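Good morning, and thank you for joining. Please bring up the sequence and the model on your screens, and I shall take you through selected features.

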Amino acid sequence: MPETKVKKEEDFHEWYNEIVELADLCDKRYPIKGMNVWKPHGWQIMQNIDSMIREEMFSTNHKEVYFPLLIPESFFKKEEEHIEGFSQEVFWVTHAGDNELEEKWLLRPTSETAMYPLFSLWIRSHSDLPLKIFQIVNTFRYETKQTRAFIRVREIHFFEAHTCHVDFEDAEKQIEEYKDTARRFFRKLCIPFIFNKRPDWDKFAGAYYTISIDTLMPSGRTLQLGSIHQYRDNFARPFNITYEDKDGTHKFCHQTTYGMSERILGAIVGIHGDNKGLILPPVISPIKVVIIPIIFKGREKEIIDRCREINEKLKKEGIESLVDEREDTPGSKFYDWELKGVPVRIEIGPKEIERGTVVIARRDTGERIEVREENLVDELNKTFNLMSETIYQRAKEFMESHIVRVKNIEEAKKYKGYIVELPWCGNKDCAIRMEEELDMKTLGEPLDRITVKDKCASCDKNGVTIVRLAKTY
Ligand code: ZN
């Protein structure tokens, strides 16, 4: 079977760039850097991921909304830290035709400043709380670093959930719910991750604290897949989001957000794929089974008919499938569908017809087995589960074997391509020194406080926690 020109294990980034186009996910030839064209296969996978997000959101009582793309400057300028964090990344709309606008508008880089002035009108009393909404929209950020399909882009396919609560404790419960949501969601996508409490100097602009959802790519760099933020009342104050409590007093709401993006797809491509192409977790693959007729002269019709019959049967069972009837060799069809990451291939030729069987081949392991037609649906469902488990375990083993706890910076230097954990006194300067000496970025602390007996890896004080560092995207 043909393979990619560049091998994943030799040059991960070149392989990644090749695969996203070969597998028909996106077209990078659009002339604005960081704004790629989604092709049908890529877009459909993204839509399937979005459906899973919706399912999670609806099951936790969130409602879907849609806010405008444009935000007036006056809204954007209400929260100081937030402006500071985003001011270098926003695109401005200054003209309508030849006329300069009285007030500039910006393309949303995220939607706090679009939503919160409206929240202050929507929320009146404690009975309006909690307010839990989400939207799946595109956001825009002016990225100056090198762009990379799905990983670093300027037009971002974005999910954002926003909640308002009566107090800090209720908002904290929401954070716990989001952590559970993330655990369920990424498990279904077979993506292992770790939560990190980002250091204060790297939290979301305006947040009280930020929890990042980080995974490790095969390149040895971590990819932030999403983040959960506790805002406390940091936004409620400038945006005046208040409610009347049971005792008649007016109080500020406490807020949280949860955000993710198309980076999820980047992680799926990078983590699961191999030198034959994508490997899609069955749950998001637009086509779960492709049926390839193995044509023999004189028996064409019989073979095609059997393939179509099986196809109908699978569709009735809710398994998305198709028969590849193109005039091409089976080998080149195999190659095509492997590239696109279709989980299972069925082969049907004269031998299988005579025996009342079909051959099923798994995309992840390449394993082929012959199954009786009457057992096919059960076998397929079993295979999808096995496959999800296999690719998840493979990814998890890789990540876990690349997290290492060391005592000092010298030792940490031996672990290139790892997430290193070092004892830390909590001081910013110490972490920055570790970043510089290791040429890595601070991911943050684990969520559970860890007892540390060693001295800080950067100074003479006792360590109070551990800090994780890695090369990042
Ligand atoms: Zn220190």
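I begin with strand β18, residues 357-362, which pairs with β19 in the antiparallel sense over five bridges. Within this pairing, T357 stands opposite R372 of β19. Two strands count as paired if DSSP finds at least two bridges between them. Strands are DSSP runs of E with at least two residues, helices are runs of H or I with at least four, and both are numbered from the N terminus.

A word on the basis of these values: this is a predicted model, in which local features need pLDDT of at least 70 and side-chain atom pairs count only at pLDDT 80 or more, whereas totals for chains, interfaces and linings use all residues. Residues are numbered from 1 along each chain as its sequence is written, and side-chain values use heavy atoms, with hydrogens and water left out.

Which sheet do these strands belong to? It is an open sheet of five strands with mixed pairing, in the order β16-β15-β17-β18-β19. Its edge strands, each pairing on one side only, are β16 (321-323) and β19 (368-372). From one strand to the next, the twist averages 25 degrees. Axes here are lines fitted to C-alpha atoms, for helices over the stretch in contact, and angles run from 0 to 180 degrees between N-to-C directions.

Moving to β17, five bridges join this strand to β15, and the two run parallel. V289 stands opposite V344 in β17. With β18, strand β17 pairs in the antiparallel sense over four bridges, and E347 has V359 in β18 as its bridge partner. Is β17 buried or exposed? Five of its five residues are buried; V344, I346 and I348 are covered on one side, R345 and E347 on the other. Buried means under 20% relative accessible area, exposed means over 50%, and partly exposed lies in between, with a 1.4 Å probe and protein chains only.

Two helices lie across this sheet. Helix α10, residues 330-340, lies across β15 (289-293), β16 and β17 (344-348), and runs at about 170 degrees to β15. Helix α12, residues 376-400, lies across β15, β17, β18 and β19, at about 10 degrees to β18.

In the loop between α8 and β15 we find I287, which is buried, with a relative accessible area of 17%. Leaving aside neighbours within four places in sequence, I287 is in contact with E320, S321, L322, W337, V342 and P343, where contact means heavy atoms within 4.5 Å.

I turn now to the metal site. Which residues coordinate the zinc ion? They are C425, C430, C456 and C459, each through SG, at 2.3 to 2.4 Å. Donors are N, O and S atoms within 2.8 Å of the metal, or 3.2 Å for Na, K and Ca; water is not among the atoms, so sites may look incomplete. The arrangement is tetrahedral because the four donor atoms subtend angles of 105 to 115 degrees; four donors count as tetrahedral if all angles lie between 85 and 135 degrees. Along the chain, the donors follow the spacing C-x4-C-x25-C-x2-C. C425 is buried at 15% relative accessible area, and C430 is buried at 8%.

Next, the nonpolar cores, meaning sets of buried Ala, Val, Leu, Ile, Met, Phe, Trp, Tyr and Cys residues joined through side-chain atoms within 4.5 Å. The largest has 50 residues, and I49, F186 and Y258 have the most contacts inside it. Beyond four places in sequence, the contacts of F186 are I191, F193, I213, L225, Y258, M260 and I264. Another core lies apart, with 27 residues, including V90, F119, I133 and I241.

I close with backbone geometry. Most residues other than glycine have a negative phi, and most peptide bonds are trans. D24, in the loop between α1 and β1, has a positive phi of about 70 degrees although it is not a glycine. D24 is partly exposed, at 24% relative accessibility. D439, in the loop between α14 (428-438) and β22 (441-444), is likewise not a glycine, yet has a positive phi of about 55 degrees; D439 is exposed, at 51%. Finally, the peptide bond from L129 to P130 is cis, with omega near -5 degrees, and P130 lies in the loop between α5 (112-122) and β7 (131-140).

Notes: Tetrahedral: all angles 85-135°; square planar, octahedral: opposite > 155°, others 65-115°.
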